[in-house]
Amino acid sequence: MYYIGIDIGSTASKVVVLNEKKDKVLYKYVISSGWNSKETGRKILKDLGEVGYSKNNSHITATGYGRISVDFADKVITEITAHGKGAHFLGSSDATVIDIGGQDTKIIVQNDIRAIDFIMNDKCSAGTGKFLELMANRLGLDLGEFFDFARRSEQNIKLSSTCTVFAESEIISLMGKGTKREDIARAVINSIVTKVCKLAERKNVADKYFLTGGFSNNEYIIDALSDMLHARVSSHADGRFAGAIGAALL
């Protein structure tokens, strides 16, 4: 028996297959969530079947933004539970989990066993991956270039707007003044990090954090979070798969 976790996020969908003992990742991959979660789920089921994992030899658990659309899943769980469990599997111990997603940001407080509390920003995209993607597009950069530009910045500009729409207007104004793209990119990233840290501080002042989600392997984000939180922020090479791993474990 294999254990499959499917995390249908708003931007990307992550899939993980664990062995029977649930102590080893046998297979994993990421695809775009597209516009229809049900179609994405069906594509994942087809893809898994082509590499030997099917409904007949696996137990499937779904989580994430589009979890209810995975109608072939044996079980459905929330992202909070899944990310907490997955982060623990990846070595977070009792660290507070920060998940920066495409449409929301979650802070998950956990002990040695499970998630015990959380807070989520799902009302505004200004502190999420989608905001960064939109701002990168506005500057004519892909995400990799965006962080490269930010690293070269020599000015610490602060964005005053807390709303995506107004922040974009502020960025357009900076562009009109001839502000360097490097400095604007740094300002956007700092704005996101500031919002994430304020959310974390509302729930828990911890001495260690563990980053999951799409920015898990981004050293710039990890360093910026560490500096602003005045705490150790770590992650794992498979941090992006924390939700899917947690779903498979549960």
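This tour moves from the whole protein to selected residues.

The model is predicted: local features require pLDDT of at least 70 and side-chain atom pairs count only at pLDDT 80 or more, while totals for chains, interfaces and linings use all residues. Residues are numbered from 1 along each chain as its sequence is written, and side-chain values use heavy atoms, with hydrogens and water left out.

**The whole chain**

Along the principal axes, the C-alpha trace spans about 60 × 35 × 30 Å.

Next, show the surface. Of the 250 residues, 52% count as buried (buried means under 20% relative accessible area, exposed over 50%, partly exposed in between; 1.4 Å probe, protein chains only).

**Aromatic rings**

Select the rings of Phe, Tyr and Trp (for Trp, the six-membered ring), which pair if their centres lie within 6.5 Å; planes under 30 degrees apart count as stacked, over 60 as edge-to-face and the rest as tilted. The count comes to six aromatic pairs. One of the pairs is F147 with F215, which is edge-to-face, at 6.2 Å centre to centre and 65° between the planes. F147 belongs to helix α4 (residues 143-151), whereas F215 is in the loop between β9 (208-213) and α7 (219-229), so the pair links distant parts of the chain, 68 residues apart. Both partners are buried: F147 has a relative accessible area of 5%, and F215 has 11%.

Then select Y2, Y27, Y29 and Y53, which form one aromatic cluster. From Y2, proceed to Y209 in strand β9; the C-alpha atoms of Y2 and Y209 are separated by 30 Å and are 207 residues apart along the chain. Y209 counts as buried, at 2% relative accessibility.

**A buried leucine**

Move to L159, in the loop between α4 and α5 (164-176). Which residues does L159 touch, not counting those up to four places away in sequence? They are E170, I171, L174, A187, V188 and S191, where contact means heavy atoms within 4.5 Å. L159 is buried, with a relative accessible area of 14%.

**Two positive phi angles**

Most residues other than glycine have a negative phi. Select K22, in the loop between β2 (12-18) and β3 (25-32). K22 is not a glycine, yet has a positive phi of about 60°. Its relative accessible area is 26%, and K22 is therefore partly exposed.

Finish at H230, in the loop between α7 and β10 (232-234). H230 has a positive phi of about 55°, although it is not a glycine. Is H230 buried or exposed? H230 is exposed, with a relative accessible area of 74%.

How values were computed: Helix = DSSP H or I, 4+ residues; strand = E, 2+ residues; numbered from the N terminus.
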